[in-house]
Amino acid sequence: MADSISLLRPRTVIGPNLRAAGEWALRFDTFLHVRVGGVVRGTCWLSLEGHEPVLLREGDTFMLGNPPPYVLASTLDASPRPAEQVLAGAEDGFVRIGPESEEDVYLCVGHIAFDDRNAALLTSLLPPLVIVRVADPHGRRLAQLTDLLATEVGVAAAGGPLVQNHLAQILLVHMLRAHAAQTDRPTGWLGALNEDGIGAALRAVHADVAHSWTLKELAEISHMSRSAFAQAFKNHVGTTPLEYLIQWRISLARDALARDTLSISELARATGYLSESAFSTAFRRVVGSSPTQFRNQARQPPRPAANRSSRKRPVLSGAAPAGDADTSTPPATTTTTSDADMRHTRDCSTSGAAVGVDRA
């Protein structure tokens, strides 16, 4: 999880938080990436377009992944106002509705944006809404994190933005753990979080991405036969081991090219390819452009993106701005994975005909 989230270059915007009294309702437009929040005090309704309304109680935590429009309200009968207009009046990190002396609801929220080039590594795996009740196994810890975050927003202390940024990301990690625990079969790498064998194989791949991995080696790490490992990996991760390895390598390559940290030949070796031509062939197949074209495009100033968070606020972390989303054609689906397949793929790389891997 840490590798994947680090690759996403998360940038956190905290608040504005909401203190409210009486009858109120705010309608939020759709936005990209993830919003996390919790009810510090009181109760409120969350109505997500296409879903049944949910009553959030004190201590409950929620996560929204690329959600459609939604409404937060004191009652289901309240007439919603556009949230953007209300948030524009925020002061000191808070929006207040109704008399301050009668406030009975306090919501703490944060918006976490990712590098668009690799954001789908996480956002494609998340449902629009995840709720963790305070009584759930992970609920108490999440409620404590939300309380800490709310406290940091409420005081003007040295290093406050840094603390807020890290607390929000810790809250995200715990929400992902809770989601993985409460879902029968989450997709992608989230599906392997609670699977010791598959998780061990994923950690091995992430620890040495340039290694010439075979199905036999990964199965041995997982303490399974090759056939059982291949089936379990596909069931829990949603793709074959070879497909996952290719996607992870190309995700790392996109990040390195965007930050211009390595030459293309260095990057080919670092991500496990026998030659620069083999790397370029694989990259073009997955991304839709050559590594050189991708790097040159990444150097261009980012264009304004639609569907951003409705409230523009300063970015609190030091990550570089995200560029345009990758709209390339995904790689062709591999229907079977065996040691022979992996060796064939690797051997063909010397001619640039297929993806090849080499030892670090």
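Which residue forms a salt bridge with arginine 27? I began my notebook with this pair, and I found that the partner is glutamate 49, with the closest N and O atoms 3.3 Å apart. I counted a salt bridge where a side-chain nitrogen of Lys or Arg lies within 4 Å of a carboxyl oxygen of Asp or Glu.

**Entry 1: ground rules**

I noted that this is a predicted model, in which local features need pLDDT of at least 70 and side-chain atom pairs count only at pLDDT 80 or more, while totals for chains, interfaces and linings use all residues. Residues are numbered from 1 along each chain as its sequence is written, and side-chain values use heavy atoms, with hydrogens and water left out.

**Entry 2: confidence**

I looked up pLDDT, the predictor's confidence in each residue from 0 to 100, and found a mean of 77 for the protein, with 75% of its residues at 70 or more. A contact here means heavy atoms within 4.5 Å.

**Entry 3: the whole protein**

I found 13 helices and 12 strands in the protein; these are DSSP runs numbered from the N terminus, helices being H or I with at least four residues and strands E with at least two. Of the 360 residues, 52% are buried, where buried means under 20% relative accessible area, exposed means over 50%, and partly exposed is in between, with a 1.4 Å probe and protein chains only. Among contacts with a separation of 6 or more, 76% are between residues 24 or more positions apart.

**Entry 4: salt bridges**

I returned to the salt bridges, of which the count comes to six. Arginine 27 sits in strand S3 (residues 25-28) and glutamate 49 in the loop between strand S5 (44-48) and S6, so that the pair links distant parts of the chain, 22 residues apart. Arginine 27 is partly exposed at 35% relative accessibility, and glutamate 49 is also partly exposed, at 46%.

I then looked at lysine 216 and glutamate 220, whose side chains meet in a salt bridge of 2.6 Å, N to O. These two residues are four apart in helix H7 (residues 215-221), so about one helical turn separates them. In general, an α-helix has 3.6 residues a turn, so residues three or four places apart point the same way.

A further salt bridge joins aspartate 260 and arginine 295, with the closest N and O atoms 3.9 Å apart. Because aspartate 260 lies in the loop between helix H9 (241-259) and helix H10 (264-270) and arginine 295 lies in helix H12 (residues 291-299), the pair ties together parts that are 35 residues apart in sequence. Aspartate 260 is partly exposed at 36%, whereas arginine 295 is buried at 15%.

**Entry 5: one face of H12**

Which residues of H12 are buried? I found Pro291, Phe294, Arg295 and Ala298 to be buried there. Seen down the axis of H12, these buried residues fall within an arc of 95°, so they line one face of the helix; the arc is that of the directions from the helix axis to the C-beta atoms. Their cover includes H9, H10 and helix H11 (276-287).

**Entry 6: cysteine 108**

Is cysteine 108 buried or exposed? I found cysteine 108 in strand S11 (residues 105-113), and at 1% relative accessibility this cysteine counts as buried. Leaving aside neighbours within four places in sequence, cysteine 108 is in contact with residues including Asn17, Val36, Thr146 and Leu149. The C-alpha atoms of cysteine 108 and isoleucine 14 are separated by 8.4 Å, although these residues are 94 apart along the chain.

**Entry 7: positive phi**

I noted as background that most residues other than glycine have a negative phi. Asparagine 66 has a positive phi of about 45° although it is not a glycine, and its place is in the loop between strand S7 (61-65) and strand S8 (70-73). Histidine 223, in the loop between H7 and H8, has a positive phi near 60°. Asparagine 66 is partly exposed at 33%, whereas histidine 223 is exposed at 75%.
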